[in-house]
Amino acid sequence: MRRHPYNRIVLAAPTTIPYERYSIHGAHRWIGLALGESLRAAGLRPKDIDGFCCSSFSLGLDTSVGLTQHFGISPRWLDHIPMGGASGIVALRRAARAVQAGDADIVACVAGDTNHPDSFRQQLTAFSRFSADAVYPYGAGGPNGSFALLTDAYMRTYSATREDFGRICIAQRANALATPHALMKRPLTMEQYLAARPIADPIALFDCVMPCAGAEAFLVMRDDTAASLGLPAARLLSTIERHNAFPEDPIQLRGGWAMDAPELYAMAGIGPDAVDFLETYDDYPVIVMMQFEDLGFCGKGEGPDFVRSHDLTVSGDFPQNTSGGQLSVGQAGAAGGHLGLVEAIRQLTGQTLGGRVPNARIGIVSGFGMINYDRGLCSGAAVLAA
Amino acid sequence: MSIPPPTRKNPLARTRQPLLPPVPRSRAALGLGAAASWGRFALQVCASCEHVQYPPREVCGACLSGALVWRDVPSGGTVIAATNVRISADPYFRERTPWRIGTVTMDAGPAVIAHLHDGVAAGDRARLVLRLDKAGQGVMLALPEDGRGDERDGKAMREMTADPRDRRVLVSDGRNPVGQAVARALIEAGARVVVGIADLWRPFTPVAGAEVFELDVTDTDSVRRAAAEFGGRIEIVVNTAMHIRPGGIIGRGDVITARDEMEITYFGFMRLAQAFGPALRFRGADGTHPACAWVNVLSVFGLAGSPAWGGLSAAHAAALSLAQTLRAELRPGGIRVVNALVGPLDDEWHQSVPPPKVAPAAIGAAVVRALREGVEQVAVGDVAQDIVARWRDDPEVLAREMMEGMA
């Protein structure tokens with residue numbers, strides 16, 4: 001059965017609250033500031049939105065429910081997406097259908113987290129039941145340890161080298177140099193990349209994101225709503241979502257995109273060659289490489305060749321993570337799952353803060369999240385158009 | 001590469017405080033520790049569809065049946081990825097990095113994230129074992145498939161076992177043949193042994209190579225003197241004090257024998273633990289050969305009482321219960337509490353008991369093996385193993401079997 005198209009659903013008001021390494025404030029503040037900023041950008045007051053969707057790891061006892069009272073909003077449609085790096089795509093999918101069906105007119109999708117000096121460790125100790133039972137007690141390397149195993153397996157299977165991953169990190173750093181709020185503002189060379197402090201072999205310092213505080217937001221509405229508000233907006237063409245894909249794979253060398261990419265392109269009515277830029281989920285470069293493959297930009301195992309033969313910078317032939325991605329901007333918890341979406345809206349509406357891809361008409365945003373045990377369980381992607 | 005003997009401790013250096021690896025587990029995952037405590041390799045198996053699963057779940061991940069049982073399964077597998085964790089979020093591992101972990105695809109099905117022995121690398125075949133880590137929690141450890149000679153000197157292995165080699169061990173009672181046999185086995189295994197002897201002026205059988213110290217577990221002053229003298233230089237305590245007399249309630253006619261049984265088996269254990277426990281717990285991370293274990297030699301009748309040995313059974317049940325408390329109290333130091341459960345001994349007090357009976361030398365060997373393998377429970381001899389098997393199958397049926405004069 002063919003899926004119902006997203007008729008006239010758009011994304012607007014791309015918002016970022018500039019990241020900070022550590023914050024003395026709670027996640028509520030970061031999320032509230034992002035919501036407020038996105039509403040101001042749209043010329044709206046809090047009572048004007050009727051849908052709210054939030055993602056965060058550091059709200060303590062609260063969910064989106066508590067936030068309605070905290071922020072003084074009375075939405076008639078509410079959601080909370082605990083899916084980390086996939087939360088942006090999933091929030092967009094749900095919000096889009098709600099708006100399309102008339103359950104809400106304007107949905108604010110917000111993600112944010114705070115970061116205190118010990119909050120990362122505390123989060124690791126209680127991330128998931130499988131993690132507490134079967135991962136954290138094994139060296140307590142956190143995601144670095146888990147992705148080290150995936151990276152090691154990928155390198156063995158497809159003969160990738162550290163330089164191949166370095167190309168991704170270095171191009172993203174080049175993109176970040178133009179992004180005002182990126183936390184990493186020094187150029188990165190291959191020598192520096194290769195000589196970096198080892199974290200969990202083969203992963204070294206520049207393969208890892210820096211946990212920080214921050215928030216991202218955007219608004220989902222119909223195109224006529226955006227037009228009446230005078231808001232530049234990006235159109236939603238298609239989406240996919242998948243959880244626990246390929247459970248039979250002994251280790252993760254592919255994500256759920258490999259299951260659903262044909263549907264993503266069919267629904268959008270385009271092929272990979274029509275894509276002007278790509279925003280991948282980049283908690284580690286090996287996952288970026290898998291997205292190149294699984295989203296059909298190259299074949300399985302051809303990721304290393306792909307990065308050797310393409311320029312991944314904003315001005316290159318394959319612009320990727322055009323703001324610098326989490327690897328260079330920072331990982332503000334669940335906001336990392338919204339960062340790519342917000343940047344894609346900026347690219348497609350001419351509101352970039354940093355480098356701009358010339359004549360960008362179509363962008364793909366991809367999400368990935370939740371290392372529950374040995375692999376990331378959630379994946380998703382969306383095709384957006386100018 | 002074998003671990004060199006410990007060097008003399010710098011008296012001015014701070015003693016490293018024991019830390020534990022992460023403790024929290026779901027109830028289902030505690031099954032790993034339960035298997036590891038006996039040295040078994042068991043995983044959850046679905047009784048409906050035979051699916052073998054890991055990590056432990058509440059229902060079968062293949063058919064959603066709730067009928068899950070822990071069953072011994074083949075432990076072979078292949079290491080398909082490996083890493084050296086160099087930066088750890090946890091204080092315990094932070095002191096021990098780089099720490100090796102890997103992904104092992106088991107022949108039995110599941111993919112397992114495991115601690116890697118130094119001799120195992122990505123691409124290798126491996127044999128998974130369940131071991132208890134310093135926190136006493138069951139964890140997966142991948143060992144070389146072709147068990148090598150230096151296996152027990154591996155870094156992860158040292159953290160999860162209590163090899164007596166080059167450690168100083170107190171054997172609490174060297175007057176009985178069990179204490180003597182345990183001391184001999186430990187010396188054979190490379191330990192330095194102090195044997196406690198009550199009433200030193202009375203003749204006793206010396207153990208070649210063991211030091212002797214006056215120690216009477218029924219005398220609080222004696223136990224305290226011994227602990228004050230050398231308690232800070234002991235890494236393993238083996239309590240071999242026992243008082244073996246047949247009889248239950250009516251036949252005895254008074255509580256004199258029962259009081260002696262409790263005095264030695266229960267209060268003696270408590271006195272020893274109060275005197276030696278604090279230093280053990282404090283020295284759980286002290287140097288290359290830290291304090292690591294407490295061993296009780298107890299009758300398997302403590303698990304299920306034998307009416308013919310009713311007084312003894314009760315005293316040993318009390319001691320088994322106390323061992324559970326000691327295990328919790330020594331956990332902060334990473335000290336393992338081991339119960340060696342023995343059947344009827346081949347000694348004068350079991351003259352009329354038909355064989356099989358367990359020889360003291362077998363108990364010595366079992367204690368050494370338990371320490372090297374890091375288990376918490378071991379059944380020594382055919383009778384003890386039989387009773388443990390029945391107890392595991394159904395403790396209430398076993399209680400009825402014991403009444404019918406079994407054993």
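**Backbone exceptions and a domain interface**

In this predicted model, B:Pro98 occupies the loop that runs between helix H2 (91-94) and strand S5 (99-106) of chain B.

Chain A supplies examples of positive phi. A:Asn321, which is not a glycine, has a phi of about 45° and sits in the loop between helix H12 (303-309) and helix H13 (325-329) of chain A. A:Asn321 is buried, its relative accessible area being 2%. For A:Asn359, phi is near 55°, and the residue lies in the loop between helix H14 (336-349) and strand S10 (362-371) of chain A. A:Asn359 is exposed, with a relative accessible area of 67%.

Chain B is divided into domain 1 (30-160) and domain 2 (168-403). Their contact involves 15 residues of domain 1 of chain B and 19 residues of domain 2 of chain B. About 1,400 Å² is buried between these domains, 45% of it from carbon and sulfur atoms. On the side of domain 1 of chain B, the residues losing the most area are B:Ser37, B:Trp38 and B:Lys134, together 44% of what that side buries. Between the two domains there are 0 salt bridges, while 8 residue pairs are in polar contact. The touching side of domain 1 of chain B comprises 5 nonpolar, 3 polar and 7 charged residues.

Definitions and conventions. Residues are numbered from 1 along each chain as its sequence is written. Chains are lettered from A and ligands numbered from 1 in the order in which they are written. This is a predicted model: local features need pLDDT of at least 70, side-chain atom pairs count only at pLDDT 80 or more; totals for chains, interfaces and linings use all residues. Side-chain values use heavy atoms; hydrogens and water are left out. Domain bounds come from an automatic or database domain assignment. Contact means heavy atoms within 4.5 Å. Buried area is the accessible area (1.4 Å probe) that two parts lose on being put together, summed over both. A salt bridge is a side-chain nitrogen of Lys or Arg within 4 Å of a carboxyl oxygen of Asp or Glu. A polar contact is a pair of N or O atoms within 3.5 Å; within protein, one must be able to donate a hydrogen and the other to accept it, and residues adjacent in sequence count only if both atoms are side-chain atoms. Ala, Val, Leu, Ile, Met, Phe, Trp, Tyr, Cys and Pro count as nonpolar, Asp, Glu, Lys and Arg as charged, and the others, Gly among them, as polar. Helices (H or I, at least four residues) and strands (E, at least two) are DSSP runs, numbered from the N terminus. Buried means under 20% relative accessible area, exposed over 50%, partly exposed in between (1.4 Å probe, protein chains only).
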